[in-house]
Amino acid sequence: MAPLRKRRITYGNNRQWGYVILIEVKNLTKIYGGTVTAVNDLSFTISPGKIYGFLGPNGAGKTTTMNIITGYIAATSGSVTINGYDIYKDAKKAKKCLGYLPEQPPLYNELTPYEYLKVAAGLKGIPKADREKQIDEVMELTGLGNVSNRLIHHLSKGYRQRVGLAQAILGYPEIIILDEPTVGLDPKQIIEVRDLISSLREKHTVILSSHILSEVSAICDTVMIISKGKLVASDTPENLSAMTTGKNVISVTVMGEREKIESALAGICENAAVTITPSHENGAFDARIESGEEDLRSAVALALSEHKLPILAMNKVTMSLEEVFLEVTSKTEEEAEPESEEEEEEEYEIVDEDEDNDEEDVDEDDGEEENEEEVEDGEDAADDENAKEEEDK
């Protein structure tokens, strides 16, 4: 049976995707040397038309996962399907759907960007009749027009990154995978590359790997947090924040006396935790209200207005992506700690057994030495008796 192919369906001037799963990763595991687990039973799906952010600390397994998805390295177990094609069984067809920019772009320093893209177009199998047009289009998209004839060796880090990104876009694959695309760039270059990546969602699905939280939060539609080779969270940044806090938190700055503010909030916040502190605004107080799933903003506003207490500011407090990241990754580390303690105890027991064996070996050695001494004493006594017999004769 032929693999499921994705169809583009046209609605007016817009092209939509015929089905929603573009990449499917099932029970992916990668073990190095039989002992180091880089990816641990990882499963997820990627839908078209979005920018996905792979977020995790260094060594979390992000790059290994991307290398497996692109077919660069093999997995120990599990499967990866790209646009209906298995990355190993139908590698050629699967890789045609992918554009890949590794952390260190594989550039030829002795070539110009134009020459490099011409080589890349040939390697990707783009028809000769379309190469010139596509190269011009991706160079314009990535802003390489004014450096197209300069040697790559003479380009700045930002422009070299653009050349690598142009190579990934060349051939217009449905999926573009970017591994740490802004590493080593200055702030201005980072902003430029981010804007460029954001523009790709119109025609491509983008998977972006990074450990820079602000970068993922700024441009990604869905955040996938990986820790210890496992997927520990996956959702939009806003939903991750809501799921992690598990409650609604409101911050209100109110002008008035503290007792009146407490009285106004008491009637509507019976099951909520209310904290009131002096505000930096003169004659005002800051009220922090923590409730369950219920959003009390409208009720708080009505209650304060009825008591004629002016509201200077009201905000819904959410956890930042940094706070979400620290919470979910710390849980993974805590779960891993007991296992390491058990391993230490087992090692300690093994050491004790070795020491006992050493003591037994020492005792056996002592016994052998005593036996040897007894044999020597017996031989000496026999020699003396023989000497006495010869004298008597």
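# Exercises on a predicted model

Among contacts between residues at least 6 apart in sequence, 67% join residues at least 24 apart. The model is predicted. The protein has 11 helices and 16 strands, and 37% of its 393 residues count as buried.

## Exercise 1. Strand S11

Task: Determine how strand S11 (residues 222-227) is placed, and which strands pair with S11.

Solution. 

1. Sort the side chains by direction. Thr222, Met224 and Ile226 point one way, while Val223, Ile225 and Ser227 point the other way.
2. Check burial on both sides. Each of these residues is buried. With 6 of the 6 residues buried, S11 is therefore largely enclosed by the rest of the structure.
3. Take the parallel neighbour. Strand S5 (residues 51-55) runs parallel to S11 and is joined to it by 4 bridges. Phenylalanine 54 has methionine 224 as its bridge partner in S11.
4. Take the antiparallel neighbour. Strand S12 (residues 230-235) is joined to S11 by 5 bridges, and the two run antiparallel.
5. Inspect the turn. The hairpin of S11 and S12 has 2 residues between the strands, and lysine 228 there takes a positive phi near 55°.

## Exercise 2. Two helices, each with a buried face

Task: For helices H10 (residues 297-306) and H3 (residues 113-123), find which residues are buried and what covers them.

Solution. 

1. Recall the geometry. An α-helix has 3.6 residues a turn, so residues three or four places apart point the same way.
2. List the buried residues of H10: Val300, Ala303 and Leu304. Down the helix axis they fall within an arc of 95°, so they line one face of H10.
3. Look at the other side of H10. Ser298, Leu302 and Glu306 are exposed there.
4. Identify the cover. The buried residues of H10 are covered by elements including strand S13 (248-255), helix H9 (258-266), strand S15 (284-291) and strand S16 (311-317). Lysine 308, which follows H10, has a positive phi near 55°.
5. Pro113, Tyr116, Leu117, Ala120 and Ala121 are buried. These residues fall within an arc of 140° seen down the axis, so they line one face of H3.
6. Name what they pack against: helix H4 (128-141) and helix H5 (157-169). Just after H3, glycine 125 takes a positive phi of about 75°.

## Exercise 3. Salt bridges

Solution. 

1. Apply the cut-off: a side-chain nitrogen of Lys or Arg must lie within 4 Å of a carboxyl oxygen of Asp or Glu. The count comes to 5 salt bridges.
2. Arginine 162 is buried because its relative accessible area, 13%, is under 20%. Glutamate 192, at 29%, is partly exposed.
3. Arg162, Lys188 and Glu192 are linked in a network of salt bridges.
4. Arginine 201 is partly exposed at 27%, and aspartate 221 is partly exposed at 27%.
5. Glutamate 24 is partly exposed at 26%, and lysine 26 is partly exposed at 43%.

Key
Residues numbered from 1 in each chain as written. Predicted model: local features only at pLDDT ≥ 70, side-chain atom pairs only at ≥ 80, totals over all residues. Heavy atoms only, no water. Buried < 20%, exposed > 50% of the residue type's maximum accessible area, 1.4 Å probe, protein only. Pairing = 2+ DSSP bridges. Contact = heavy atoms within 4.5 Å. Arc of directions from axis to C-beta.
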